[in-house]
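Me: I have a structure to go through and some quick things to ask about it. Can we take it bit by bit?

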Amino acid sequence: MFRRLFLSHPQQAGERYFEHQRAALSFAMPLLAAGGAALVHAVVPGVCQTTAGDIIRRLHRRLEERQA
């Protein structure tokens with residue numbers, strides 16, 4: 001069970017546990033920022049007009065490069 005939860009997926013991605021954790025966090029933090037920008041934009045439409053979309057597009061490019 002431990003191996004399945006913590007080690008199998010990182011190994012499938014060609015990474016060790018902490019390498020995979022660092023990579024996952026490098027996506028999670030900008031996604032949180034994008035969510036915050038979208039929330040601000042929902043309240044004040046004149047600000048953060050493209051911020052969330054810009055972050056998501058950048059992350060999408062990174063994800064596609066990782067899978068190539």
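Predicted model: local features only at pLDDT ≥ 70, side-chain atom pairs only at ≥ 80, totals over all residues.

Me: Surface to begin with. Which residues make the nonpolar surface patch?

Reply: Met1, Phe2, Leu5, Phe6, Tyr17 and Phe18 make the patch, which has an area of about 690 Å².

Me: And which elements give two or more residues to that patch?

Reply: Helix H1, residues 2-6, and helix H3, residues 17-43. H1 gives the most, with three residues.

Me: Where is phenylalanine 18, and is phenylalanine 18 buried or exposed?

Reply: Phenylalanine 18 is in helix H3. Its relative accessible area is 57%, so it counts as exposed, the cut-off being over 50%.

Me: New topic. How many salt bridges does a search of the whole structure find?

Reply: Two. In one of them, arginine 66 pairs with glutamate 15, and their closest N and O atoms are 2.9 Å apart. This pair links distant parts of the chain: arginine 66 belongs to helix H4 (residues 51-67), while glutamate 15 sits in the loop between helix H2 (8-12) and H3, 51 residues apart.

Me: Is glutamate 15 buried or exposed?

Reply: Glutamate 15 is buried, because its relative accessibility is 15% and the limit for buried is under 20%. Arginine 66 is partly exposed at 43%.

Me: What about arginine 57, which residue does it meet in a salt bridge?

Reply: Aspartate 54, at 2.9 Å from N to O. Arginine 57 is partly exposed, with 48% relative accessibility. Aspartate 54 is also partly exposed, with 33%.

Me: Back to H3. How many residues does it have, and how far does it reach?

Reply: H3 has 27 residues and reaches 39 Å from its first C-alpha to its last. That is close to the 39 Å expected at 1.5 Å a residue.

Me: Which residues in H3 are buried?

Reply: His20, Ala23, Phe27, Ala34 and Ala37 are buried in H3.

Me: What covers them?

Reply: The cover over the buried residues of H3 includes H2 and H4.

Me: So what does H3 give to the patch we began with?

Reply: Tyr17 and Phe18 are in the patch, and both fall within H3, residues 17-43.

Terms used
Residues numbered from 1 in each chain as written. Heavy atoms only, no water. Patch = residues over 30% accessible without salt bridge, like charges linked within 9 Å, V, L, I, M, F, W, Y side chains within 5 Å. Areas by Shrake-Rupley, 256 points an atom, 1.4 Å probe, with all protein chains shown as cover. Salt bridge = Lys/Arg side-chain N within 4 Å of Asp/Glu carboxyl O. Helix = DSSP H or I, 4+ residues; strand = E, 2+ residues; numbered from the N terminus. Buried < 20%, exposed > 50% of the residue type's maximum accessible area, 1.4 Å probe, protein only. Expected span 1.5 Å × (residues − 1). Contact = heavy atoms within 4.5 Å.
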